[in-house]
Amino acid sequence: MPKSKRDRVVSLTQTKKKNYETKQKLVEEIQDCCSKYANIYVIETKNERNNLLKDFRDSCKHSRLFMGRNKVMAVALGRTVESELKSDFYKVSRCLRGRRGLFFSNESLESVRESFSSVQATTYARSGSVATETVTLPAGPLDLPHPMEPQLRQLGLPTKLKDGIIILEAEHTVCEKGRPLTTQSATILKHLGNCMAEFGLEVIGHWHDGTFTQISETDTPMEDDEDDEDSEHEK
């Protein structure tokens, strides 16, 4: 009987070494970009979706986008006046938090903003997102495939199946405007085809020729993402 791969012993020493090498490679790539591009933009993603972010990356062949591992990116630039790679880089590092990243480009601020506006797209909201509208389903038939009826009941909808048609037995409020979506309400909205979120990119700050300018005062919470192995830092 072949040995299960799950029984394979993985050396933690090797794992730590690989993690260190990955971080070191990211530092080197960022520092290399600092000498190749005239502008560094600190950007923030709104309702980030991997497929939409990948489409944007594919459309920017002459620029470089780094997302994730904010602490490592800050180290690459320098966190203090004494350690910064170039003048005012420590201010760039201070802006790296939450769902933010670095966008290296030779394009002007106006051109970058125009590119960002072209990639905005509506998408399905996730659990925890704030509802932009109140969605209430009236009692009666639902235009959904009948095999979904058991799942809808599990999501809290008072449904039944009659003659192959899903019937909502009573009016049901899926979500209320201004309140966070639950896992159940976000799933129901997706089944209904209701795209309540908008993917987008925003410029938070701009570094050029030794000077950093804060553009947006968006209050983004700090996140400890240094060891987030799922973050795709650059394509």
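Both Tyr-37 and Phe-104 are buried. Buried here means under 20% relative accessible area, exposed means over 50%, and partly exposed lies in between (1.4 Å probe, protein chains only). The model is predicted: local features need pLDDT of at least 70, side-chain atom pairs count only at pLDDT 80 or more, and totals for chains, interfaces and linings use all residues. Residues are numbered from 1 along each chain as its sequence is written, and side-chain values use heavy atoms, with hydrogens and water left out.

Aromatic pairs were examined next. A pair of aromatic rings is described by the distance of the centres and the angle of the planes. Rings of Phe, Tyr and Trp (its six-membered ring) pair if their centres lie within 6.5 Å; planes under 30 degrees apart count as stacked, over 60 as edge-to-face and the rest as tilted. The count by this rule is seven aromatic pairs. One of them joins Tyr-37 and Phe-104, with 6.3 Å from centre to centre and 50° between the planes, and is tilted. Tyr-37 lies in the loop between helix H1 (12-36) and E1, whereas Phe-104 lies in strand E3, so this pair ties together parts that are 67 residues apart in sequence. Helices (H or I, at least four residues) and strands (E, at least two) are DSSP runs, numbered from the N terminus.

Phe-104 also pairs with Phe-66. The ring centres of Phe-66 and Phe-104 are 5.8 Å apart and their planes stand at 85°, so this pair is edge-to-face. Phe-66 belongs to strand E2 (residues 64-67) and Phe-104 to strand E3, so the contact ties together parts that are 38 residues apart in sequence. Phe-66 is buried, at 0% relative accessible area. Phe-104 is buried too, with a relative accessibility of 0%. Elsewhere, Tyr-41, Phe-56, Phe-103 and Phe-116 make up one aromatic cluster.

Charged side chains were then considered. Side chains of opposite charge can pair when their charged atoms come close. A salt bridge is a side-chain nitrogen of Lys or Arg within 4 Å of a carboxyl oxygen of Asp or Glu. By this rule there are eleven salt bridges. One links Lys-46 with Glu-202, at 3.5 Å from N to O. Lys-46 sits in strand E1 (residues 39-46) and Glu-202 in strand E10 (residues 197-208), so the pair ties together parts that are 156 residues apart in sequence. Lys-46 is partly exposed, at 30% relative accessibility. Glu-202 is also partly exposed, at 26%. Both residues belong to a network of salt bridges that links Glu-44, Lys-46, Arg-100 and Glu-202.

A salt bridge also joins Glu-48 and Arg-99, whose closest N and O atoms are 2.8 Å apart. Glu-48 lies in the loop between E1 and helix H2 (50-59), and Arg-99 in the loop between helix H4 (89-94) and strand E3 (100-105), so the pair ties together parts that are 51 residues apart in sequence. Glu-48 is buried, with a relative accessible area of 16%. Arg-99, in contrast, is partly exposed at 29%. Arg-179 and Glu-176 form a further salt bridge, at 3.6 Å from N to O. Glu-176 is partly exposed, with 40% relative accessibility.

Helix H3 (residues 70-77) is mostly covered, with six of its eight residues buried. The buried residues in H3 are Asn-70, Val-72, Met-73, Ala-74, Ala-76 and Leu-77. Just after H3 comes Gly-78, which takes a positive phi of about 110°.
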